[in-house]
Amino acid sequence: MQTPQYNTLEEIELRKEELRAQLSDNSDKVGRLWQGLWVPQKSESKGELIANLVSNSITAIDAFILVRKLMKTYGWLFGRRKKK
């Protein structure tokens with residue numbers, strides 16, 4: 001991939017505005033996707049309700065285990081001392 005050549009300041013400013021618009025669009029897309037992660041999903045049937053409940057439970061347990069492991073390994077960063 002070659003770097004485009006710019007001959008005038010106006011071309012540079014035009015490219016800068018294009019990139020700023022692309023960044024804004026990408027930021028909006030990421031924001032919508034991030035919001036979608038935290039919005040509860042509607043369950044159409046009991047099967048979906050149970051699947052969502054199991055999925056959320058597994059996520060919560062996984063997060064708890066991760067925090068516990070991190071605190072055990074890196075607890076000294078948070079002012080906790082290792083037990084001897």
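Me: Which residues make the nonpolar surface patch of about 690 Å²?

Reply: A word on the basis first. This is a predicted model, in which local features need pLDDT of at least 70, side-chain atom pairs count only at pLDDT 80 or more, and totals for chains, interfaces and linings use all residues. Residues are numbered from 1 along each chain as its sequence is written, and side-chain values use heavy atoms, with hydrogens and water left out. Patches are made of residues with over 30% relative accessible area and no salt bridge; nonpolar side chains (Val, Leu, Ile, Met, Phe, Trp, Tyr) are joined within 5 Å, and like charges within 9 Å. Areas come from the Shrake-Rupley method with a 1.4 Å probe, and for residues only the protein chains shown count as cover. Here the patch consists of Leu66, Leu70, Tyr74, Trp76, Leu77 and Phe78.

Me: Where is tyrosine 74 placed?

Reply: Helices are DSSP runs (H or I, at least four residues), numbered from the N terminus. Tyrosine 74 belongs to helix α2 (residues 46–74).

Me: How many salt bridges does a search of the whole structure find?

Reply: A salt bridge is a side-chain nitrogen of Lys or Arg within 4 Å of a carboxyl oxygen of Asp or Glu. The search finds two. Glutamate 18 pairs with arginine 15, their closest N and O atoms being 3.5 Å apart. Arginine 20 pairs with glutamate 17, with 3.0 Å between the closest N and O atoms.

Me: What separates arginine 20 and glutamate 17 along helix α1?

Reply: They lie three residues apart, about one turn of the helix.

Key. Helices (H or I, at least four residues) and strands (E, at least two) are DSSP runs, numbered from the N terminus.
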